[in-house]
Amino acid sequence: MANTLSAEEEGWVSELLEACKAENVHVKGKFEAACYVIVSKGDIKKAMTRLKKIRRIESEEGLDQVDVQESWDFLDKQQPGCMQAVGLDDEGRVTMYMDYAAFHPGNIKTPQDWKYMMKAFFNLFDCMTATIEDVRKGTSFVAQCKGMGFSNFSLEIEKRFSHVYQDGYPMKFKLIMMVDPPTIINAIINLCKVFLSKKLMDRMKCVTSADVSKHISEDKLPVSYGGTNKETVREWVARRAAVRKASEGSFASLKSTVTAM
């Protein structure tokens with residue numbers, strides 16, 4: 001079942017809720033608590049460290065004051081074609097597709113622009129972890145790098161986002177495919193080694209477009225990769241937001257001696 005916990009895992013949720021209450025750390029609900037303990041494999045200290053990091057980023061960026069639809073409108077206008085699709089790979093992992101050549105860091109000019117981008121990606125990550133099964137399986141990231149230049153890369157943005165997805169947000173990238181990368185990718189990877197973990201770097205693979213189809217069937221691949229999946233990112237996000245809401249509702253009745261803060 002997509003949202004089933006073992007008795008041991010339910011105990012972890014209660015422990016995390018207790019810890020949050022003791023340290024006055026806000027947790028949005030039992031589903032969110034479950035995501036953190038699952039990704040931390042029951043290590044409450046690690047789960048708390050991840051949760052505190054995300055709450056701190058949300059607070060520092062003022063993300064609660066940013067409208068999610070305005071954020072996606074910003075991405076559509078300022079980074080058209082960058083976010084290509086989201087779907088599943090053949091192992092059932094949620095997979096995000098991006099075109100690096102369509103990413104223009106220079107269009108992110110103001111603090112508000114940064115907030116919009118962060119808000120959209122936080123919303124995307126919520127939808128990528130819409131069920132406990134999503135969290136268990138982890139996620140994949142497919143980045144089309146053909147035509148990419150240094151103007152499509154920002155060390156500052158990569159570093160700031162690494163704080164979110166690396167030991168922060170309760171999701172784990174199991175596979176990162178850099179597709180048809182130019183020769184500059186080696187220099188970019190070396191720059192990122194400074195702040196990315198070895199485990200994450202080991203999961204990063206430079207592949208050809210033909211290699212992608214070995215991991216993901218045609219019916220799951222977006223059209224831009226030669227597949228038949230025509231669902232847009234925003235259509236997918238809207239659909240998965242409803243799944244996430246249902247998951248949160250199902251966890252509201254989870255037995256626990258502590259209520260979410």
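Predicted model: local features only at pLDDT ≥ 70, side-chain atom pairs only at ≥ 80, totals over all residues.

Residues are numbered from 1 along each chain as its sequence is written, and side-chain values use heavy atoms, with hydrogens and water left out.

Two packed helices are described by the angle between their axes and the distance between the axes. Helix α4 (residues 68-78) packs against helix α5 (residues 111-128) at an angle of about 110°, and their axes are 8 Å apart. The two helices α4 and α5 are therefore roughly perpendicular (an angle of 65 to 115 degrees). On the α4 side the contact (heavy atoms within 4.5 Å) includes Trp72, Phe74 and Leu75, and on the α5 side it includes Tyr116, Met117 and Phe121. By class, the residues of this α4 and α5 contact are nine nonpolar, two polar and three charged; Ala, Val, Leu, Ile, Met, Phe, Trp, Tyr, Cys and Pro count as nonpolar, Asp, Glu, Lys and Arg as charged, and the others, Gly among them, as polar.

Leu221 lies in the loop between α10 (209-215) and α11 (233-251). Leu221 is buried, its relative accessible area being 3% (buried means under 20%, with a 1.4 Å probe and protein chains only). Beyond its neighbours within four places in sequence, Leu221 touches residues including Tyr97, Val212, Ile216 and Thr228.

Where is empty space left? Rolling a probe the size of a water molecule over the atoms shows this. One cavity of 30 Å³ or more is found in the whole structure; a cavity is a set of points on a 1 Å grid over the protein atoms alone where a 1.4 Å probe fits but cannot get out, and lining residues have an atom within 4 Å of a point. The largest cavity holds about 490 Å³, and among its 29 lining residues Met98, Tyr100, Phe141, Glu158 and Tyr165 are the closest to its centre. Its lining comprises 27 nonpolar residues, one polar and one charged.

The largest pocket (an open set with protein on both sides within 12 Å along at least five of seven lines) also has about 490 Å³ of space. Lys28, Phe122, Asp126, Arg244 and Glu248 are the closest to its centre of the 23 lining residues. Helix α5 gives the largest share of this lining, five residues, and the lining has eleven nonpolar, two polar and ten charged residues. The second largest pocket has a volume of about 420 Å³.

How values were computed
Axes fitted to C-alpha atoms, helices over the stretch in contact; angles between N-to-C directions. Helix = DSSP H or I, 4+ residues; strand = E, 2+ residues; numbered from the N terminus. Parallel < 35°, antiparallel > 145°, perpendicular 65-115°, else oblique. Buried < 20%, exposed > 50% of the residue type's maximum accessible area, 1.4 Å probe, protein only. Points joined across faces, edges and corners; volume = space filled by probe spheres on them.
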